[in-house]
Amino acid sequence: MSATSTQTTMTVQAVRIGVDGRPEVFDLGVGESTGAAIRSAIGCRWFDVVRLGPDLDMWIDDEGAVLADAQVNVVATEIARVYGAIWQPFCGVAVFAAHDRHGETVGLSERVRDALLSGAILTGAEVVSR
């Protein structure tokens, strides 16, 4: 007689938006550290976070704007501007996730994830269509 165990795999759903503007959902919590998953999704060595709101963080390539072939991510820059981050354009792939009250990266709420996938931008209770 063998015992079977059930393990619960925690998923940390995030949205990746490439420079082409297309969003895709992926899981930051499968098989590797969150940092490694972000680096892999962005395709970078160093990354940084832009805290856009209480339920949205944008992870970007820390060296993205200084690369010779830097491409502005128009969609990510537009989302950031709606949240008040108006000081610069953001280059390269962007990953959107959330954080808990301790600052730890967590998955997006279904509401925010669906808004990013549909082209809407949420700011609190307000929905801004792009």
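## Exercises on a predicted model

At 10% relative accessibility, W59 counts as buried, where buried means under 20% relative accessible area, exposed over 50% and partly exposed in between (1.4 Å probe, protein chains only). The model is predicted, so that local features need pLDDT of at least 70 and side-chain atom pairs count only at pLDDT 80 or more, while totals for chains, interfaces and linings use all residues. Residues are numbered from 1 along each chain as its sequence is written, and side-chain values use heavy atoms, with hydrogens and water left out.

**Exercise 1.** Describe the geometry of the aromatic pair that F47 and W59 form, and state which strands hold the two residues.

*Solution.* Begin with the criterion: rings of Phe, Tyr and Trp (its six-membered ring) pair if their centres lie within 6.5 Å, and planes under 30 degrees apart count as stacked, over 60 as edge-to-face and the rest as tilted. The structure holds 1 aromatic pair. Its members, F47 and W59, stand edge-to-face, at 5.3 Å centre to centre and with 70° between the planes. Next, place the residues: F47 lies in strand β3 (residues 47-53) and W59 in strand β4 (residues 56-61), so the pair ties together parts that are 12 residues apart in sequence. Here helices (H or I, at least four residues) and strands (E, at least two) are DSSP runs, numbered from the N terminus. Finally, F47 is partly exposed, with a relative accessible area of 23%, whereas W59 is buried.

**Exercise 2.** Determine how the buried residues of helix α3 are arranged around its axis.

*Solution.* First list the buried residues of α3 (residues 110-118), which are V112, R113, A115 and L116. They cover an arc of only 165° around the axis, which puts them on the same side of α3, the arc being that of the directions from the helix axis to the C-beta atoms. On the other side of α3, E110 and S118 are exposed. Just after the helix, G119 adopts a positive phi of about 95°.
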